[in-house]
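Look at the sequence and the structure before reading on.

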Amino acid sequence: MSTVTVLTQKPVRTYQAYQRPLWRRVLLTREMAIIALLAIVVASALMWVPNFDSPLTVTYLIREIAPILLIALPMTLIIVTEEIDLSVGSVVGLSSVVTGLLVQAGFPLPIAGVLAVITGMVAGVINGALVTFVGLPSLAVTIGTLALFRGIAVGLLGTTAISEFPEFWTDLARDNITGTPIPVIILPFIVLAIVFSVLLHFTPFGRSLYAIGLNKEAAAFSGINVAMTKFWLFVMSGSVAGFAGVYFTLLYNNARGDNATGMELQVIAAVLLGGVSIFGGRGAMHGVIAGVFLIGTLASALRLASVTSDIINVITGVLLILSVVSASLLAWVRTKRVSAIGRKKGRSGTEGDSA
Amino acid sequence: MSLTIEEPKQHPLVSAAGHIIKARETGIGIAVILVVVAATIVNPSFIFSSDGFRDLLLTPSLLMVVAVGQAIVIITRNVDLSVGSVVGLSAYLTGRLFIDFPGIHPVLVFAAGIALGAVLGLINGALVAFAKVPALVITLGTLYVYRGINVAWTGSDRINASDMPASFRALGTGDFLGIPLLTILAVVVLVIAAWYLRNLRSGRELYAIGSDPDAAHLYGLKVTNRVLGAFIVCGALAGLAGVLYAARYGTVSSNAGFGWELQAVGAAVIGGVAISGGVGTVWGAALGAYLLLTINRALPIIGIQDFWQRAVVGILIIGAIVLDRVLAVRQHRRLVAEREVAA
């Protein structure tokens, strides 16, 4: 507060009163706060939680968060455009069942996997078409398809499970990079994370997503095809969830109708925790990745410290609520401060703000 | 387009809207009857055995209570995903009270369950209304938190029928003139809620808030208080449903009410309560709940494995929102046509 007052004494620096210095703009962001929180959690877990530093912990941690990370990538893009996809967990389950049934019917795994991804893609096409071409709210649509896809998955397999998959592929899902505790599977996931980050932050397509999230009409007037953009995001989300389903099946060597039940909640919690605004138009991929790791690491560390999973759920929920409430709290503080600066200048501060 | 202009309907706006809403609820009513008739033709005991008729009324009663609360929240353009967890918590509280305070009067237990639900609803509502955060996110968080508290509190413990007094259990199984008491209670709740939303000023304001929160605020409506109130009512009704759950089923474990949020939202959406707020009635939501659970019971009788029940629920939800959209577009065209004729 005091530095701001000093700055505003010189007219030349009026403008700077409204803009934070570079270091603050880079360091004092929600994304950085989450990364810092992640660092604190990791550091304290290393210090106090026995066995947290064992290679096995790292392996299990990465295996467990991999599907969540994967689905969080397209989910980030969708939420940036102010839509939501609640059906991803069901798509994972459906894709898992399809993989299992096809392998059982004698298909080689690569073909079964590709068909499972295509199943996910079709699920995404259904979501996308209902949202964009029929013009329905994505929340309602994906609550419906959440039930529908899960219903088909459970309907196809009932309570049975398929757990005979070629060893080569299940091993591939579990093997570590030689000499490290890091699963091989993380490599293609890292590539995908980079692809999605570049897509969101360094392409016109990515910029258009923010534009849509901030103001749909303005985006449409500036030449962005809002409907098609959203449609492709849902297709992307379905395809990636389909891929995650194949991975999930191989990792646990198990295709079941109720695989990944509730995963949509974990994914959305991670994305929102990572600083993506549910109102659209705000968020960054590094925050989301940190959010996924934060939830995963916290759960892993607490489990090792023999905290029960229900308490972990409580903590996840509280974190989620805090992350959104703190954003609006910060916004409130910022408006207070800006209006305080405006009053100090003795002129209409609002004019300067909007310019 | 030309077709709509050729036959401009001169109905006043209110009767046109009323007509559509009425058609919607009669539609669901007919769907319920069709399901019941189809199941009865395949297996007459679906309705004509004493148990069949009782279950037909009894099974959907609890979800109806939750769906009524959910509808009130959705009408204000919010959503409460935590209702399933609230049902679980208050169901366990019910059993716990009977065990820890032997001889406690059931009325006190009811009051406690409803109060717990109301407090949990108040937490949801306060976070939503004061922090100006979407209800979806907040109640997603409290869904986790409430369920987690429930599991931590319950552990592997479970409440059994023998833990609760017979007089309380009789409420869940008893009937009056052949109609289950729970159903009567659910209908009373429904009638009160419907009357309130239709006739009282504060009830009408909920629709105004849901249609356009900013306009409602500018007009001077107490948006924050009303939204808070809607969440408290929704939580209290979920709490009531939790107490009734204990009375109906006798056993309560840590997963009581698990997944009910989806069914409650689904029931409201199927019943014509628009997820974007401002539209719908609790009658529709209650009928939606009735349809969902009746289909659930009818599927195995018609010869479809009940594994497919969720797929049917999904298709119903999607079908319902597509229908809403089609009706809305048609009404919009009709209004435009009327305006052109008037001009």
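## The model

This is a predicted model, in which local features need pLDDT of at least 70, side-chain atom pairs count only at pLDDT 80 or more, and totals for chains, interfaces and linings use all residues. Residues are numbered from 1 along each chain as its sequence is written, chains are lettered from A and ligands numbered from 1 in the order in which they are written, and side-chain values use heavy atoms, without hydrogens and water.

## Chain A meets chain B

In chain A, 41 residues contact 34 residues of chain B (contact means heavy atoms within 4.5 Å). The two chains bury about 3,300 Å² between them, 85% of it on carbon and sulfur atoms (buried area is the accessible area, with a 1.4 Å probe, that two parts lose on being put together, summed over both). On the chain A side, I143(A), L265(A) and I321(A) lose the most area to chain B, together 15% of what that side buries.

## Helices α5 and α6 of chain B

Helix α5(B) spans residues 83–100 and helix α6(B) residues 106–131. They pack at an angle of about 150°, with axes 9 Å apart (axes are lines fitted to C-alpha atoms over the stretch in contact, and angles run from 0 to 180 degrees between N-to-C directions). That makes α5(B) roughly antiparallel to α6(B) (an angle over 145 degrees). Among the contact residues are V86(B) and L89(B) of α5(B), and P106(B) and V109(B) of α6(B).

## Helices α10 and α12 of chain B

The axes of α10(B) (residues 201–211) and α12(B) (residues 223–249) come within 10 Å and cross at roughly 105°. The two helices are therefore roughly perpendicular to each other (65 to 115 degrees). S202(B), E205(B), L206(B) and I209(B) in α10(B) meet V223(B), R226(B) and V227(B) in α12(B).

Definitions and conventions: Helix = DSSP H or I, 4+ residues; strand = E, 2+ residues; numbered from the N terminus. Parallel < 35°, antiparallel > 145°, perpendicular 65-115°, else oblique.
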